[in-house]
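Subject: Handing over a structure, with notes on what was found

Dear colleague,

I am passing on a structure that you have not worked with before, and I would ask you to open it before reading further. My notes follow below it.

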Amino acid sequence: MERPRDHCIRCGECCLRSSPSLQITDAPLVYEGVIKRSDLYSVRVGELVWDNIRDELKVTDTELIKVREKGSGEGCVFYDDAEKACTIYGHRPAQCKALACWDESEFMRVYAKPKAGRKEIIHDHTLFRLIDEHEKRCAYAQLDKCVKKIESDGEKAVENILQILKFDHDIRCLIPEKLGVDSDEIDLILGRSLTKTIAMFGLKVVRKPDGSFFLTVLDSSS
Ligand code: SF4
Ligand code: SF4
């Protein structure tokens, strides 16, 4: 009979399954350049996210800073497939250090501690004014309210959703253009584009030839 595992064999399965979110204690990894801002994205309050603990999708009530994944279901961006190793192993985030697939107690202890949010990672006042404005206009709670009104208010509710999507889209273009911020950092600064995450409401955005948005129901096969 196979003995239960009691140490890490560096098989990489956990790195291929998902990526960590940052705890507050991980913030220096960003300032010191181990993790670039473009390696991260924000999950905003109210956004649907995969809960690694419960193995299910949930709407988050806490802002999270996640390490990017390589693609859907292809694991953490820092995992080197050829070398079968973490490229930042000596400086990996707290959740990775605590992870032991045979015993979750240390991971749970670390996971319960305060998570990093954008305030811990971004210290630029101008950017934060824009982040606040974006939150005011594009909060998931606001979007949720509009989506729920589609049935009763029809076109008016759809128009409100389109305005939110448009603001989100425009500010994403404006920040790199006006402030010289790397466009790869926008998913950290503003969270993922609403034109993608709108899928959590069962909706899809189609871009018309004139650049305007058209809202439609998400095809369950897409
Ligand atoms: S913690 Fe477990 S799954 Fe992760 S690399 Fe080690 S042995 Fe593999
Ligand atoms: S940071 Fe390193 S240890 Fe953590 S999930 Fe990514 S590849 Fe694995």
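Predicted model: local features only at pLDDT ≥ 70, side-chain atom pairs only at ≥ 80, totals over all residues.

Leaving out residues up to four places away in sequence, Arg5 touches Cys101 and Trp102. Between the C-alpha atoms of Arg5 and Leu190, which are 185 residues apart along the chain, the separation is 41 Å.

Turning to the protein as a whole, you will find 11 helices and eight strands, and the C-alpha atoms fill a box of roughly 60 × 40 × 35 Å along the principal axes. Of the 222 residues, 24% are buried. Among the contacts with a separation of 6 or more, 61% are made by residues 24 or more positions apart.

The domain assignment divides the protein into domain 1 (13-119) and domain 2 (123-217), and the centres of domain 1 and domain 2, taken over C-alpha atoms, are separated by 25 Å. To the contact between them, domain 1 gives 12 residues and domain 2 gives 14 residues. On the side of domain 1 that touches domain 2, the largest share, four residues, comes from E1, and the residues of that side divide into five nonpolar, three polar and four charged.

Strands E1 and E4 deserve a separate look, as they run antiparallel and are joined by four bridges, with Leu40 standing opposite Val67 in E4. Both faces of E4 are covered, for Leu64 and Lys66 on one side and Ile65 and Val67 on the other are all buried. If neighbours within four places in sequence are left aside, Ile65 is in contact with Ser21, Leu22, Leu40, Ser42, Ala116, Gly117 and Ile121.

There remain the ligands, and which residues are found around ligand 1? They are Cys8, Ile9, Arg10, Cys11, Gly12, Glu13, Cys14, Leu99, Ala100 and Cys101, a shell that divides into seven nonpolar, one polar and two charged residues.

Ligand 2, in turn, is surrounded by Cys15, Ser19, Pro20, Val67, Cys76, Phe78, Tyr79, Cys86, Ile88, Arg92, Pro93 and Cys96. The residues of this shell divide into 10 nonpolar, one polar and one charged. Val67, listed here around ligand 2, is also the residue of E4 that stands opposite Leu40.

With best wishes

Notes:
Residues numbered from 1 in each chain as written. Chains lettered and ligands numbered in written order. Contact = placed C-beta atoms within 7 Å. Domains from an automatic or database assignment. Helix = DSSP H or I, 4+ residues; strand = E, 2+ residues; numbered from the N terminus. Nonpolar A, V, L, I, M, F, W, Y, C, P; charged D, E, K, R; others polar. Near = placed C-beta within 6 Å. Buried ≥ 20, exposed ≤ 12 C-beta atoms within 10 Å, placed from the backbone. Pairing = 2+ DSSP bridges.
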